Amino acid sequence: MSEASARARVERRLDELVAGHRFEIAVVFPIVGAVLLLASAWGWLPEPLAFNPYLVLAGVAVMRLPLIAGLLPLTDRKAAVAVLALVAYAFAIEFVGVATGWPYGHFEYLVELGPMLAGSVPLGLPVFFLPLVVNSYLLVLLLFGRHTRRAVVRLPAVAAVVVWMDVVLDPGAVALGFWAYDAAGAYYGVPLSNYLGWVLSATVSVAVLDWGFDRAALRDRLTQCPFFLDDLVSFVLLWGAVNLAFGQLVPALAAGLLGVALVETDRFDFSVLRRNPAR
């Protein structure tokens, strides 16, 4: 079997796996994940299970499967270089952030989100960081359609959605005790410096992603692949539930608006809620 046919077989099998288990991946995993995270934060789970780093990483990896399956057929050499550059950038800016407080503000991890590099940054960081950028890019392609042909519209719009997603994510993570800022901010413990830092991170990351992937191919894949944005469905359910549980209404509303955007793009539809729709 040639390398090309072997890759095509892997891509087909992964597509079938995700399409056949959309409900479990996009709905069950984030809901169970939210329950386990909240139970951990509230002291309801025994020590071996509370914020177990390997359970956290495994759950996140499963929820990322739709995004991986969607991107894999589009990942040529140029796209692979872009992904590797984004991985390197994610680690570099996180190490700088933990060590110096720039650009997000001084913060530290309080929970091990999987194995930690140098005891300070999660090894699985790219699995947390890259989907924010990719999901935002895909959502903007669907929402703005032909207007995304212009970089002056496309890139700022994607960067804005990345920051919006962190408006949802960071307050929930701080409430769970994943990390904390030295200068606790007025926005549910998150300082303004964090979002100024995310403007920088989003701008750089979106530019790299835009360079690496063929926009027309991404648009075609979005048309052909109904589960491509299911990872964003998981994000809305998990972090919306966490923020609601802590009474954090603004980030919960922000998550809800992402859900509305998904409905508008016909991606948060009830086919996701039907068990194994591919069968």
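Student: Which residues does arginine 64 touch, not counting residues up to four places away in sequence?

Tutor: Happy to start there, and keep in mind that this is a predicted model. Contact here means heavy atoms within 4.5 Å. Leaving out residues up to four places away in sequence, arginine 64 touches Val127, Phe128, Pro131 and Asp231.

Student: Where in the secondary structure is the place of arginine 64?

Tutor: Look at the two helices around it. Helix H3 covers 53–63 and helix H4 covers 65–71. Arginine 64 therefore has its place in the loop between helix H3 and helix H4.

Student: Is arginine 64 buried or exposed?

Tutor: Let's compare its value with the cut-off. Buried means under 20% relative accessible area. Arginine 64 has a relative accessible area of 15%, so this residue is buried.

Student: What percentage of the residues in the chain is buried?

Tutor: The same cut-off, under 20% relative accessible area, applies to each residue. Of the 279 residues in the chain, the buried share is 51%.

Student: What is the radius of gyration of the chain, and why does it agree with a compact globule?

Tutor: For 279 residues, a compact globule would have a radius of gyration near 19 Å. The chain agrees with that, because its own value is 18 Å.

Student: How far apart do the centres of the positive and negative side chains lie?

Tutor: Good one to finish on. The chain has 19 positive and 21 negative side chains. The centres of these two sets lie apart by 11 Å.

Conventions: Residues numbered from 1 in each chain as written. Predicted model: local features only at pLDDT ≥ 70, side-chain atom pairs only at ≥ 80, totals over all residues. Heavy atoms only, no water. Rg over C-alpha atoms; globule rule 2.2 N^0.38 Å. Buried < 20%, exposed > 50% of the residue type's maximum accessible area, 1.4 Å probe, protein only. Lys, Arg positive; Asp, Glu negative; His and termini not counted. Charge placed at Lys NZ, Arg CZ, Asp CG, Glu CD. Helix = DSSP H or I, 4+ residues; strand = E, 2+ residues; numbered from the N terminus.
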